[in-house]
Amino acid sequence: MNGPLASLPRQFTTTRWSVVLRAGGADSEEARAALEQLCRDYWYPLYAYIRRKGHGPEDAADLTQEFFAKLLANDFAQGLTPGGGRFRSFLLTALNRFLINAWQKGRRQKRGGGTFIESLEARIAERGEADYGTETASADTPERLFQRAWAETLLARTLERLAAECHARGDGRFAVLRSFLSGEEDPPALADAAARLKLSLAAFKSLLHRFRQRYRELLVEEVGQTVGSTSEVAEELRGLLQALRSG
Amino acid sequence: MTEEPKSCPRCGAPLGREVGGHGVCTACLLEDALPTAEGLAGSAESPDPDADAPVVQRLGDYELLEEIGRGGMGVIYKARQAGLDRVVALKLLLAGEFAEPRVRRRLVREARLAARLSHPGIVTIHEVGEQEGRPFFAMEYVPGPNLAQRCRDGLLPVATAVRYVEQLARAVHYAHQQGVIHCDLKPANVLLTPEDHPKLTDFGLTRSLLDPTGTLESAGSPNFMAPEQADARLGPPGVATDVFGLGAVLYYLLTGQPPAVGASLSETLRAVLADAPVPPRHIRPALPVDLETITLHCLAKEPGRRYASALAVAEELARWRQHLPIVARPASRLELLLRRARRNPLSAALGAGLVTAVVLGIQGVAWQWRRAEAEKVRATLSTPWEGLAPPSEVQGAAVEVGDVNGDGRPDLLVATVEDGGLAVYLNRGQGTFAAAPGSPWLVPHPRRGQDLDGALAVGDFDGDGHLDVALADQTTDTIRVLRGDGQGRFGSVGEAVAVGREPRGLRAGRVNADPYPDLVVANWGGNTLTLLLGDGTGRFHEAAASPLATDAAPWGLALADFNADRLDDLAVAHSGASTVAVWLNNGAGKFTPAPASPWRVGKDSASPGESCPFDLTTADLNRDDLPDLISADTRTHSVTVLLGDGRGGFRRTPQSLAMVGSAFPRRVLAGDVTGDGLLDLVTANESGNLSVLRGDGRGGLVPLPNSPLFEPGPVHGLAVADLDGDGRLDVVAGSPFFGVTLTRNAVLTRRAR
């Protein structure tokens, strides 16, 4: 139970998803931009999901784009509420509804345009099948594949940012440090890496510690963009872990 | 780079396509950040310099004392109302949620309605207001705990649980009489008073959040949700929704878990729609049978099968409490009457009268019989097949059954999605299958994943006595023929034969007068049927009369001799037009529309486009030796039987339309699965289960309960055959991502023993 009330709850800190939620389906340039950025980041898990549902590459590309077009046109946002769930589960629910409708209609509708949708087309063409090709070995259900792809996207984005931060500092250490990200290092490898970076073992360990800490912060930030408030990050992360580890 | 370990050193999970060489799996890497995230959650309460929210400790008349709860809709404070000097619970709804004035007005209207409720089992709403655009409610303050919290330390005594739910049911019934529906009954919405009486909160609040179709758009946890809330097609929420909710609360109190569980929101929603709840006694074996019956009766998937009112639930629980027989099982009505009469002969004689008792008794018996039959078939079809673990390459597919190696046992032929080709599983007897050597056979042009409905047809196309296979390929718009060698091996015959656009349906039959099997292809993309004439060597060429232009996109296709001239005629399901069209074969490979064609299917009142006939099959359901047509309709969830008159005409009877609940029947086949000598229908549904419609031998259908058999998803293939050699028909279903599922007909096994 919380202590005596100090103030009304703060407004959600502005995560991308909270901006979308706050708009609650109303037309808002800000919400659209936030949603678009989220879609830009997380299109692949949806594509993989649709593919695993049995659609061919062209169909899946069409469906993915149509889905995002509808999403950005606010087709699913009606009734969204702050605290109304997290982006990941929202997307999957909306996508399922969309696929059932699309399937029932039988024929694809002409999708809306927009530069994002066009750029998405290029992205899918460039990366969709290449990435999906690496999934075929797994027998994951679409659902599980989605969760896994989501987790991997999240991780990849975090690492990209981590690398970018390292490079921005003119720091070439990322390549060395990233192999120690998990903390599962053995001492000889640590010493070896320290030597390669011309650092003492102690200095390297301290650098590694900061690196891992920054990784965790960035990951949490990244997850934070997909939930309505910072208090939900842990829950979302736990939910994702549960999805990854069940089955 | 050193070789990576095959499994995660930290958690032991197999390592798949991991991002970078981090040594551990993605999940473990993500987990590393959990403490950071948790720290964040904890610190969220502390002041944040970026926060621009106003500091408010008062709201109008109310002085906020402390936060006592927080949910998807808003925050609840304990507050003191200055003027009246009473402590209230103040629920503040988040502004953005009700940004739209229309939604806000609806909420306030509903809440005002709920505010009129005055019942000891309902938390009273004192005031409904708005402050700076945020709706708020001042409610009676009940310290709690709520029922969910109450159960946290262990299950309640059964008698306590029953008392709570009985009291709740009476409160809910009272509200229903006032025209207020709760729609979100769950343990967390039930508060306990210091006197240990349950009080329902949040009346009239949830419904305002329903979208116009009646579904909860933003439900965080659907574990307690009724099916009609998860899928608006099942009808609008109403009294029955709350009856379900009462059952859900009872279920939770008795078992410690909600009726529907899933690892994710969509999985839970799926469970809400498709999975029967685990019977409470499976979780807590010591529970009385009657309580289990009552609980499950509340939780019936179809609203119409639940108790008719909340009061009926309360009375039923009261009967249980007083050791009186319950009425949940009309099956036992006769027994009940007898028991009641034995116990209380005077009232039975006065209240019921002998005639009524007899009538009820007979109805009871009839009901009991139907129910027992239903239960039997449910048991029958829910026994998972042991023996075939579908390998991933059979993901998704059209399936056919046939004896490919001449050992008298039906083997499985599967059109595969991912790699495009034919996989064959040989029946080794006793319900075991093994992949045929060399299987799968890939067609030369690797096929993309696609809808494979009806993409496979089998027959002896080359006249060598062994089964051959024809595969429709939507990528290249061709048909390929694979010749079987009678040993279980297959090889391509000749070139692929070009057909119309997007061939979806493929059927083998006799189109012209020669004895060789021919093929008919429904070209969904081209609104045509392609007629391919077989020459008896496994090669096909297009008939002169081909293609036939159809009025609308052809989906399902059936071939049978509808006008008794010994030539196969054609029936086509036009989903767009809600009709089934019949073409009669004039003998020279030419077809003309049957005189009264097309026939409407689905509900009589349905206008074109309202129903969506998808699959079509033919069988003699009314035993007049004339083929009838059966259409499965994915939009209205129904199956229509058109009874053939042997002259190319068809008629419907009121009994020949059957609904299959919430399922979308995507495939339909006829077979005597109930073993009564009459043909039944099996539908494979988009929602991932099978339904059995029992045939009455006159073309009428009696739905039997759905039996969820395998994971959801479009079922693209269905076959019915006696796979284990026990004389009963088993079911094979092909799903695009859960592979091929076999369901053994277990009634037979029992009877055979």
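Predicted model: local features only at pLDDT ≥ 70, side-chain atom pairs only at ≥ 80, totals over all residues.
The expected span of a helix is 1.5 Å times one less than its number of residues, and helices (H or I, at least four residues) and strands (E, at least two) are DSSP runs, numbered from the N terminus. Residues are numbered from 1 along each chain as its sequence is written, chains are lettered from A and ligands numbered from 1 in the order in which they are written, and side-chain values use heavy atoms, with hydrogens and water left out.

- α7(B) is mostly covered, with 16 of its 17 residues buried; buried means under 20% relative accessible area, exposed over 50%, partly exposed in between (1.4 Å probe, protein chains only).
- Over in chain A, helix α6 (residues 142–168) has 27 residues and should span 39 Å; its end C-alpha atoms sit 38 Å apart, which agrees.
- α6(A) is largely enclosed by the rest of the structure, because 19 of its 27 residues are buried.

**Nonpolar cores**

- A nonpolar core is a set of buried Ala, Val, Leu, Ile, Met, Phe, Trp, Tyr and Cys residues joined through side-chain atoms within 4.5 Å.
- The largest one has 85 residues, and the members touching the most others are A:Phe67, A:Phe68, A:Phe87, A:Phe204 and B:Leu30.
- Helix α2 (residues 29–52) of chain A supplies the largest share of this core, 13 residues.
- Another core, of 60 residues, lies apart from it, and its members include B:Val123, B:Ala161, B:Phe244 and B:Ala248.
- B:Leu30 reaches across to chain A: leaving out residues up to four places away in sequence, its contacts (heavy atoms within 4.5 Å) include A:Ala151, A:Leu154, A:Leu155, A:Tyr215 and A:Leu219.

**Aromatics**

- Over all chains there are 15 aromatic pairs; rings of Phe, Tyr and Trp (its six-membered ring) pair if their centres lie within 6.5 Å, and planes under 30 degrees apart count as stacked, over 60 as edge-to-face and the rest as tilted.
- One of them joins A:Trp43 and A:Tyr44 edge-to-face, at 5.9 Å centre to centre with 85° between the planes.
- A:Trp43 also pairs with A:Tyr47: the ring centres are 6.3 Å apart and the planes are at 65°, so this pair is edge-to-face.
- A:Trp43 and A:Tyr47 are 4 residues apart in helix α2 of chain A, about one turn of the helix.
- A:Trp43 counts as buried at 2% relative accessibility, and A:Tyr44 counts as buried at 4%.
- A:Tyr42, A:Tyr49, A:Phe87, A:Phe146 and A:Trp150 make up one aromatic cluster.

**A buried asparagine**

- B:Asn585 lies in strand β25 (residues 579–585) of chain B and counts as buried because its relative accessibility is 3%.
- A polar atom of the B:Asn585 side chain lies 2.7 Å from the backbone oxygen of B:Val511.
- The backbone oxygen of B:Asp568 lies 3.0 Å from a polar atom of that B:Asn585 side chain.

**Cysteines**

- The structure holds 0 disulfides over all chains, a disulfide being a pair of cysteine sulfur atoms within 2.5 Å.
- A:Cys39 is buried at 0% relative accessibility, and B:Cys298 is buried with a relative accessible area of 0%.

Note on methods. Polar contact = N/O pair within 3.5 Å; in protein donor to acceptor, adjacent residues only side chain to side chain.
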